[in-house]
Amino acid sequence: MRPLENTVDTVDTAALDLVAQRYRDARAAFDAALADLRIEAAQALRDGVPPEQVSARTGWGLDDLATLVREEGPAEPAGPTGGR
């Protein structure tokens, strides 16, 4: 075997590992923010905020918001107050 054939195995992959981890962390943060935004947008619509205002703030179309409300369902009732 020639010496150059094995060079790929010896390449330092620390930079690749770091960037891959940063991507995974950013993706997780994005997914969490999207979930929060979906919940808040659906709640705003249930609370009577006009869909046009929610659309302007989220960048989502009116059809997307209608689908969102169907997917998120009605607001959950408040749970017990712990005996108060």
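**Entry 1: a pair of charges**

I started with glutamate 71 and arginine 38, whose side chains meet in a salt bridge, 2.7 Å from N to O. Glutamate 71 lies in helix H4 and arginine 38 in helix H2, so this pair ties together parts that are 33 residues apart in sequence. I noted the rule for a salt bridge: a side-chain nitrogen of Lys or Arg lies within 4 Å of a carboxyl oxygen of Asp or Glu. Side chains of opposite charge can pair when their charged atoms come close.

**Entry 2: ground rules**

This is a predicted model, in which local features need pLDDT of at least 70 and side-chain atom pairs count only at pLDDT 80 or more, while totals for chains, interfaces and linings use all residues. Residues are numbered from 1 along each chain as its sequence is written, and side-chain values use heavy atoms, with hydrogens and water left out.

**Entry 3: the whole chain**

The chain has four helices and zero strands. Its pattern along the sequence reads α-α-α-α. Helices (H or I, at least four residues) and strands (E, at least two) are DSSP runs, numbered from the N terminus.

Next I looked up burial. The chain has 84 residues, and 13% of them count as buried. Buried means under 20% relative accessible area, exposed means over 50%, and partly exposed is in between (1.4 Å probe, protein chains only).

The chain exposes about 7,000 Å². Carbon and sulfur atoms supply 58% of that area. Accessible areas come from the Shrake-Rupley method with a 1.4 Å probe; for residues, only the protein chains shown count as cover.

I also checked contacts between residues at least 6 apart in sequence. Of these, 42% join residues at least 24 apart. Contact means heavy atoms within 4.5 Å.

**Entry 4: back to arginine 38**

Which other residue forms a salt bridge with arginine 38? I found glutamate 72, with the closest N and O atoms 3.5 Å apart. Glutamate 72 is in helix H4 and arginine 38 in helix H2, so I logged a link between distant parts of the chain, 34 residues apart. Arg38, Glu71 and Glu72 are linked in a network of salt bridges.

I looked up how open each one is. Glutamate 71 counts as exposed, at 52% relative accessibility. Glutamate 72 is partly exposed, at 29%. Arginine 38 is partly exposed too, at 25%.

**Entry 5: a pair inside H2**

The structure holds three salt bridges. One of them joins aspartate 31 to arginine 27, with the closest N and O atoms 3.4 Å apart. Both residues lie in helix H2, four residues apart, which is about one turn of the helix. Aspartate 31 counts as partly exposed at 38% relative accessibility. Arginine 27 is partly exposed at 43%.

**Entry 6: helix H3**

I turned to H3, residues 51–58, where Val54, Ser55 and Thr58 are buried. Seen down the axis, the buried residues of H3 fall within an arc of 100 degrees, so they line one face of the helix. That arc is taken from the directions from the helix axis to the C-beta atoms. The face turned away from the buried side carries the exposed residues Glu52, Ala56 and Arg57.

What do the buried residues of H3 pack against? I found helix H2 (14–46) and helix H4 (62–72).

I picked out serine 55, which counts as buried at 18% relative accessibility. Leaving aside neighbours within four places in sequence, serine 55 is in contact with Trp60, Gly61, Leu62 and Leu65. Glycine 59 follows H3, and its phi is positive, near 85 degrees.

**Entry 7: the core**

Which residues make up the largest nonpolar core? I listed eight: Ala41, Ala42, Ala44, Leu45, Val54, Trp60, Leu65 and Leu68. H2 and H4 each supply at least two of the core residues. The largest share, four residues, comes from H2. A nonpolar core is a set of buried Ala, Val, Leu, Ile, Met, Phe, Trp, Tyr and Cys residues joined through side-chain atoms within 4.5 Å.

Leaving aside neighbours within four places in sequence, alanine 42 is in contact with Leu68 and Glu72.

**Entry 8: a nonpolar patch**

Phe30, Leu34 and Leu37 make a nonpolar patch of about 250 Å². Patches are made of residues with over 30% relative accessible area and no salt bridge; like charges are joined within 9 Å, nonpolar side chains (Val, Leu, Ile, Met, Phe, Trp, Tyr) within 5 Å. Phenylalanine 30 sits in helix H2. Phenylalanine 30 is partly exposed, at 49%.
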